[in-house]
Amino acid sequence: MPEGRGYQRLKSRTSLEEILEVATEFERTARDFYTELAPKVSKQIRYLVEELAEEEQRHYDLFSQLRMRADIVEQIKQSVETPASDRRFSDCIHLPELGDHPDDQAVLQYALGREHAAMEQYQSLAESTPGGPIRDLFAFLADEETQHKNELEKRYYEVVHSGGV
Amino acid sequence: MQTLISQLQTRFQLSEFILQRDNLAFVTVTREQLRPLLLHLRDKEGFTHLVLLTAVDWIEDNIFQLTYLLGDRTAGCDIGVRLMLPRDVASMDSIHDLWPTAATYQRELREMFGIDFPESPRVDEDFILEGWTDLPPYRRDFDTLKYSQESYVDRLGRETKDPAAYMKLKLYPDEDNDG
Amino acid sequence: MSVRDLLSPFIAWKHLFREPVSIRDPFNREASERYRGFHQNDVEKCIGCGTCEAICQNGAIDMVIVEGVEGIKTRPGDSGLRPRIDYGRCCWCALCVDVCMTSSLTMSNAYKWVENDPDKFRYIPGVDKKEWDNVKQGYHRPDGHRLNAPERIEMPELEPAERIDSFVEIVGGYSVEQARLEADRCVTCGICVATCPTHMPIPEYISAVRDGDYERGLKLLYDSNPFSQICGKVCTRRCETTCAASHEGDPIAIRWLKRHITEQVPYEKYRDIIGGPLPATGKKIAIIGAGPAGMTAAFDLARKGHEVSVYEARSHAGGMTRYGIPEYRLPFETIQREIDLIVSMGVEMHYDTRVGTDIQMQQLQQDNDAVLLAIGLWLGRGTRIPGADHPHVYKAIDLLRRIRDGEQLEAPKSMVVIGGGNVAMDIARSVARLQKQQQGEINVTLTALEDKAHFLADPVEIKESIEEEINIIDSRGPQECVSDDQGKLVGLRSWKVLSIFDDQHRFAPTYDESDEQLHPGEWIVEAIGQMSDVSLLGDALTEKLEWDRGRLQVDDDGHTSEPWLWAAGDCVKGPDIVSAVATGHSVATSIEAMFEQKEAQNA
Amino acid sequence: MADAEFGKADRSQYPHRRPDGSLDIDLTSGKYLKLWQGPNHPGITGNMSVELTVCGDEVVEGKTHVGYLHRGFEKLMERRTFIQCFPIVCRICVPEPDFNEYCYAAAVEELAGLEIPEKAKWIRALILEMGRINSYLMYLGGQAGAFGQGVIGQWTTYARDLMLDRFEELTGARIYHMFILPGGVRDDLPEGFDERMEQTLQEVERTLDDVYDTMFRNAVFKKRAVGLGYVDPALVDEYGITGPVARGAGVARDVRKDQPYLVYDQLDFEPVTGRESDVYARADVRRRDLLMSVDLIRQILSKMPHKGEVMATLPNVLHWKIPRGETYIRGECSRGEYGYYLVTDGSGYPRRVNVRGPSYTHAMALLEKLIVNVNISDVAGLMVSLHTYPPEIER
């Protein structure tokens, strides 16, 4: 995860379009990562990697479209008013090394780690930015990542904590 | 009751004795000894009340059981005298001379079980079932369900489903687990 | 006779000055609170068990299909049928109300109903709307008035003190008298049959217990479940969750009655009662895994006269029943009797033969007409929290297997178990026994994300674990396996779980970090889930097969995307013995159908 | 065809008895006439008929005919489970159905070894006495009506209706109560039942006062009833006579006293007896017995335990099997000894049920004896005085 570098890149941006461009770029990178990973993992868990790629694609599409909209400020303002809450679950998950034959749990852990890092990054950007459309945008992005992370957490539980009979 | 039965056992051949309650006992007696026993109970032991006379069909043993239930109203106790009759020669001596009311019971037994009591007044007259030609209906081999199905028509529109069979039909129609 | 007798009757005239006593408005006289009037039925509470129909001595009740009514659907625990009452026959005795298993059927105090069409006096209470539907007054079954015994006959069991220092079986089994009393409680509705994965003829074998005809009972059992002895002891008994008696009392002890039948028939007679195999067909089947699914399929196919070879990686058959379930729940002897019976049908066993290592899949494919994969779920899932890679952090399933394999484990002084399922209880209770034997004291802590009400474990297991001094701490989220400076494991750090499900009832725990605890343990055992080890398939076959969200994709009959390969048991259905038996049956049926189809084509 | 000539003839001359003892009645002789009283004759209690042979206006022979209401209950019960028999037994006696419920339940309980809760016994006794009052009230109306006094029936029907209200609130039904079932009774008394019952009892007593003045102190009734239908006490055993008919003849037999069942050993009462043994004496015994029931109900309600179960724990009734055995349970109903003879064979169904209704002996052998030489117009009064409920004859 290129947190440090991304943080610096984003912090220096001053327009909404620019920030969204970088954010979109991150999503594209993630999508490409999963797409490339898919054929390498066992067919048994390939569905999982493919789904993650699709989800990143959806984010990519969402940010791209948002960038095109004229009422971008309004849109963002609306969504940051109801932020998702972080369940703080992934704090306790190791970020694994994805070797040659990762299992489903490792893939999910990896994905969770990514989302978690992204969420934190946008959150800290939002905190360090004075109030205004830029701050709202960071909050919006943080919220998007939080939601995605929450979704992944649920899936993680369903896969891993099947209850032991 | 116990003492009475012991005394009776010395005088009569009682093949079975069941003390059902403190005040109710059943004994089984032979055909020859029925009349002397009833007379003894009525005249010597105070069992003056003929409570009822009826039959039980033990078809699997080919036996009709006649039960003469006698009551001692003063002592407040009863004794059921049981007599086993071969089902295929269902005929018994009448006791209407001991208790006139026995004629009614014997007439009913003749009609409902086909047990004959020669000499009993009006024993062959119809009692409850005027014009009945079928098997005596209180015999176990008379099938009431069959009779009613043959005699009456079911109401239209009655149909029922078995829950388990219906659930199989709806939930797992193709599964067959007969091993 | 006197003058008085002539005059006295004139007293009657005083009635001229009396108020009339007749009811002024007889059409609107309300009947009493308890009046037995027209029926009402709470159709959402009703389960369509038909007990009302069974008790009706007039034959006034039919169980009829009700289509398109909200709240009524044929599903496990509800036949979807509802009673229709013919008032041409009903005698208002209310035995149907008294016996109703859910108390859904009641009577209003309405007694007036005028119609020209006699067929109108036949309706489905609660479905055909009537003006008395919501009338409160009327006959309801009084408290304490029961026509069936609501309480289960208690199963004789070892007391905690008697059982905690050994692996002796806890449950004693019913006596004939107890079993009859328990069997008597069953109302023979058959609602449970649909819930049983293998649809055992439950009411029929319970009635065999009532009749004391155990040989008939055994035949019924083995016609549908060759693991009847085992299921009689450790079945998950989902049937009991839908038992009609469970609505207003204890469900029938279906599992214990099954066990009772198997205990009453001398084992030597089993084979004759069940019947042997048909003449040999020459068809060959290879089965991988000698657990309930594999052995059920083996049983069915061998009885059809096919040549069945079972490949088992371990030294004994039984699968999870042999290596996963502790002996105090399921003695080895029971498993062995079951396996011997199945093997006696002409099944060839290859023990200690690991497919993928000792013999290859391709080989099996070539040598057989069909191959069945019944490999279970033998890989334990881990939390992978920090510190979880410590050598004293174990997977429950591995430890259980080592204990069942006879390994002399040296129990830790203290242990923490993560998980609230049956496997967690099994390992907690097994290690507790070892601790008691070796150290005289028990120190086992069991933590789980769920609160006790949502534990996946059988409530009986939870109750018995507490009796055995297992310290159960629910609603804890594992955070870290903590070691001291010397690298010695000291315990599990956890957070309080605030809530566990989201509004769609998906797993989504939230934590209170301020409530942090350290549960001391020299060992930490993870019992949170299991998965299949499918490495035996090899890369090529794995790639060739179709998968469904991490599991082998199979159709309803257990057929994979490869025409020669079937899969059954835990690896397709998830962990459950009786479901494994059910899939074993359907795979056998499917394989048999394939043979028949081929035969028809060749003919 | 009341021929004056026959009327004047010496009674002992006809009809002649044949050597075998039967009456020599030659219908073609023109001396005799067959007259069917019933079925459904206003003077007949229910669906039964008497085939009268009359000579002038005097009966020389009477034969009871029953079967108009035969439903074969005893046979029907052989294919019903023990619990399923419970709702049908009440139909064997419409005006006083509770004895069927009680005797059947008690017989099943005895053979099944079932002990019923104490409170259930009290409630059972209460119901049986309530039923007795109803039965007597109906009888009084019938007895008076048989001699042309319609108004008595109107008054007693009113009082009976009040008692039916109490039945309704207690049991949930007015006629077929279906309340006493094997194991106990369905439910406890409803709230405030005692007070309402007391009001009803007072109204019953008030009605009885009027009935006493207009019926029992009535020259017409006395003229018709006194001396009619004399039952010789010697006949009591020969004809299986029980209840008020026996007690009217001075034979103080009452099952409640002779073989106390339920809670009768804890109640204070003496059997009501008469001396004259005619229609009037029997009516008076019943009237006084009715008042005694009023007293018994008061005793029961005051002595009854307030708390406690009213139903024993039953096995699942759907599979209820009872070991082989036989028993006889009796009770003192308004007409005499009511009894159930139950035989079980270990299955889930009764092997044989025999219902002994008092009308069986009273309305058959006894009536046929008493009816000879009675005036046609007195036949109805005589029959009613035996208090006959035909369904218990033919079941």
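Figure 1. Chain A has a mean pLDDT of 76, and 76% of its residues reach 70 or more. Among the elements of this chain, helix H3 (residues 43-68) of chain A has the highest mean pLDDT, 85. The lowest, 62, belongs to helix H1 (residues 3-11) of chain A. Where pLDDT is low, the predicted coordinates should not be read in detail.

**Figure 2. Contact between chain C and chain A.** On the chain C side 32 residues take part, and they are in contact with 25 residues of chain A. Four elements of chain C each supply at least two residues of this side: helix H17 (422-439), strand E15 (476-483), strand E17 (507-520) and helix H19 (538-544). E17(C) gives the largest share, six residues. Sorted by class, the side of chain C that touches chain A consists of 16 nonpolar, nine polar and seven charged residues.

**Figure 3. Domains of chain C, with the contact between domain 3 and domain 4.** The domain assignment of chain C lists domain 1 (29-123), domain 2 (160-273), domain 3 (276-377 + 570-602) and domain 4 (379-530). Between the C-alpha centres of domain 3 of chain C and domain 4 of chain C the distance is 33 Å. Seven residues of domain 3 of chain C are in contact with nine residues of domain 4 of chain C. On the domain 3 side of this contact, five residues are nonpolar, one is polar and one is charged.

**Figure 4. Contact between chain D and chain C.** Here 31 residues of chain D are in contact with 35 residues of chain C. Helices supplying at least two residues each to the chain D side are H3 (82-89), H6 (150-171), H7 (193-216) and H8 (219-225) of chain D. The side of chain D that touches chain C comprises 14 nonpolar, seven polar and 10 charged residues.

**Figure 5. An open three-stranded sheet in chain D.** The strand order is E3-E4-E5 (chain D), and the pairing is antiparallel. Strand E3 (33-37) and strand E5 (58-65) of chain D are the edge strands; each has a single partner strand, so one side of each is left without a neighbour in the sheet. From one strand to the next, the twist averages 25 degrees. Strand E4 (residues 49-55) of chain D is joined to E5(D) by seven bridges. Ser49(D) has His65(D), in E5(D), as its bridge partner. Helix H14 (residues 376-385) of chain D packs on the sheet and touches E3, E4 and E5 of chain D. The direction of helix H14 of chain D makes about 150 degrees with that of E4(D).

Terms used: Residues numbered from 1 in each chain as written. Chains lettered and ligands numbered in written order. Predicted model: local features only at pLDDT ≥ 70, side-chain atom pairs only at ≥ 80, totals over all residues. Domains from an automatic or database assignment. Contact = placed C-beta atoms within 7 Å. Nonpolar A, V, L, I, M, F, W, Y, C, P; charged D, E, K, R; others polar. pLDDT = per-residue confidence, 0-100. Pairing = 2+ DSSP bridges. Axes fitted to C-alpha atoms, helices over the stretch in contact; angles between N-to-C directions.
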